[in-house]
Amino acid sequence: MASKEEDMAEAEEEEGPPPGWQSFPPEPSLPPPPTPPPPPSELGQMVCGSCRRLLSYPKGVRHVQCQCCQMINFVLEAHEVGQVKCGSCDVLLMYPYGASSVRCSSCRFVTEIGEQNRRPPWSVIQGYPPRPMPSNPIS
């Protein structure tokens, strides 16, 4: 009988995984899911200054990189932008306040910004007073 018990003990020790079974390394943990895009009311839009594609971006950012041409575009808020019609083709152009001229992206004409062709900023048209411009000159 002792030999039968010994045989059973040996069989249990030798007993391992079933044939064809193999151990796989644990799967790496998955990265967290991407954060959902902000709601449309929190997105701004602008046209890329290089390839002229429409870009969407979260409001409050100062720079947006175009996914098409990789150009990094500077974002201006409504109170920082003026408007003028192109002196050649009459396209409505937007420019940062303080600029002395603006180049048309359609015909490449350079329009000088003067009192005769300035328009009030969108913030004034919409009933919001413009914010004062910083007095520090850009060096």
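What is the volume of the largest pocket? In this predicted model, local features require a pLDDT of at least 70 and side-chain atom pairs count only at pLDDT 80 or more, whereas totals for chains, interfaces and linings use all residues. Residues are numbered from 1 along each chain as its sequence is written, and side-chain values use heavy atoms, with hydrogens and water left out.

The largest pocket has a volume of about 1300 Å³. A pocket is here an open set of points on a 1 Å grid over the protein atoms alone, where a 1.4 Å probe fits, with protein on both sides within 12 Å along at least five of seven lines; lining residues have an atom within 4 Å of a point. The volume is the space filled by probe spheres set on the points, which are joined across faces, edges and corners. The lining comprises 32 residues, of which M46, V47, L76, V81 and M94 are the closest to the pocket centre. Two or more lining residues are given by each of β1 (43–47), β4 (72–74), β6 (92–96) and β7 (101–103), strands being DSSP runs of E of at least two residues, numbered from the N terminus. The largest share, 5 residues, comes from β6. By class, the lining divides into 18 nonpolar, 9 polar and 5 charged residues; Ala, Val, Leu, Ile, Met, Phe, Trp, Tyr, Cys and Pro count as nonpolar, Asp, Glu, Lys and Arg as charged, and the others, Gly among them, as polar. Because domain 1 (41–75) and domain 2 (79–119) both give residues to the lining, the largest pocket lies between them; the domain bounds come from an automatic or database assignment.

The unreviewed UniProt entry carries the annotation "domain: Zinc finger LSD1-type" for residues 48–72 and 86–110. Residues 48–72 are 0% helix and 36% strand, with end C-alpha atoms 8 Å apart. For residues 86–110, the content is 0% helix and 36% strand, and the end C-alpha atoms lie 8 Å apart.

Strand β5 (residues 81–85) is largely enclosed by the rest of the structure, because 4 of its 5 residues are buried, that is, under 20% relative accessible area with a 1.4 Å probe and protein chains only. β5 runs antiparallel to β6, to which 5 bridges join it, and G82 has Y95 of β6 as its bridge partner. The two strands form a hairpin with 6 residues between them, and D90 in the turn has a positive phi of about 65°.

Q45 is located in strand β1. With a relative accessibility of 54%, Q45 counts as exposed, the cut-off being over 50%. The C-alpha atoms of Q45 and S56 are separated by 4.5 Å, although these residues are 11 residues apart along the chain.

Methods
UniProt positions renumbered as here; feature names shortened; annotations may be inferred. Pairing = 2+ DSSP bridges.
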